[in-house]
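Below are some notes for a reader new to this structure. Please look at the sequence and the model first, then go through the points in order.

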Amino acid sequence: KIGPALADDDAPVIFSFEYCTPKPSHAGPEAVLDTIARMAAYGPAFSDVTWRPQPPYPENTLFLAGRMQSLPGVETNLHLTSLSMPLASIDHALATARAAGIRNILALRGDPIEPPIAEDAFTSAIDLVRYIRANHGDYFGISVAGYPEAHPSKIPEGSDRATKEGYESDLAYLKEKVEAGADLVITQLFFDASIFLKFLDDCRRIGIKCPIVPGIMPITTYRNFKFMTETCKTRVPAEVRERVEALKGDNEALGAYGVELATAICKELVENGVRMLHFYTMNKEGPAVKVLRNLGVIAGEDVWKVTIPRQLKVHEPL
Ligand code: FAD
């Protein structure tokens, strides 16, 4: 179960990897399981799998999560959204996760689906957190989503940032979510370390005490960068946007820049005392591993050449 071990500021840098359930049109879960198994050999603190409420995603995700949990070195953090999820489906997901030995849930609201596919049991993440605590006690470690730039709904159309009131109400709501029973906050992606560091300070200022883990997305493709930054309304510094636009026709060069940028962001975070990094892997093993190697957090050898999966030595923090 994740949580308490992340609270120690003097701890070495640790990390986690997030994966997406493959689209039903793609090959089964074998390819992503293979990636998860190989990346587990680097010693992630936990490994997330994302959730979508539209069938057949829930059953596919529960199957994948169960298989993940059985892999050596994998502590699964199963995402679960509450919109478009009837109570029976939420109960089924939690019971299936328990039966598979999964101890961690990222409790989310999710985004509305048009037209709606099912009656909502809950309309915000806080209700799901309360429900899990009420029905499963302390069995699950619960994480919740945090938004260093505020949730996109708080960012007015045509603006690149939330109003002060929007940002503050988002923070106050995050505090309520944590007090409802969350152990950990994992954040939305960002491209400027100072945005996360300010958010962290602001969270501490209003009394959010649990670990707050920055979500890092190394840029891999132009399409994904556009999709994620537009959906999440991420502020993109001018020099980053210029580089991405200049490299958009060259996937290899863009990927290398993505690693360079993510390394610089992580380095600034680590130098400012952050001890945990959460990577949006997009089911690719290369980028996150390269960033962790650049930081000296994992050793330089290719672990998939090692026959027995093992925990690699975690270096001293930078
Ligand atoms: P909530 O915490 O319920 O609320 C979202 C926002 O609504 C709050 O931040 C706040 O601005 C506002 N709000 C709600 N209630 C109040 C209140 N009482 N007072 C003031 N403001 C309020 N989506 C998926 O579909 N699947 C995934 O697997 C997934 N994984 C994610 C992982 C991470 C780490 C993050 C950061 C996001 C993820 N998302 C995922 C996206 C997420 O579902 C969306 O951002 C969604 O719009 C909000 O979900 P939430 O759990 O943050 O919602």
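1. V240, R243, V244 and L247 in helix α8 meet A253, L254, Y257 and L261 in α9; two residues are in contact if their C-beta atoms, placed from the backbone, lie within 7 Å. Helices (H or I, at least four residues) and strands (E, at least two) are DSSP runs, numbered from the N terminus. By class, this contact of α8 with α9 has seven nonpolar, no polar and one charged residues. Ala, Val, Leu, Ile, Met, Phe, Trp, Tyr, Cys and Pro count as nonpolar, Asp, Glu, Lys and Arg as charged, and the others, Gly among them, as polar.

2. The model is predicted: local features need pLDDT of at least 70, side-chain atom pairs count only at pLDDT 80 or more, and totals for chains, interfaces and linings use all residues. Residues are numbered from 1 along each chain as its sequence is written.

3. The axes of α8 (residues 238-247) and α9 (residues 251-271) come within 9 Å and cross at roughly 160°. Axes are lines fitted to C-alpha atoms, for helices over the stretch in contact, and angles run from 0 to 180 degrees between N-to-C directions. The crossing angle therefore makes α8 roughly antiparallel to α9 (over 145 degrees).

4. Eight strands close into a barrel in the order β1-β2-β3-β4-β5-β6-β7-β8, with parallel pairing (at least two DSSP bridges between two strands). From one strand to the next, the twist averages 30°.

5. Strand β5 (residues 141-146) is joined to β6 by four bridges. G146 has T187 in β6 as its bridge partner.

How values were computed:
Parallel < 35°, antiparallel > 145°, perpendicular 65-115°, else oblique.
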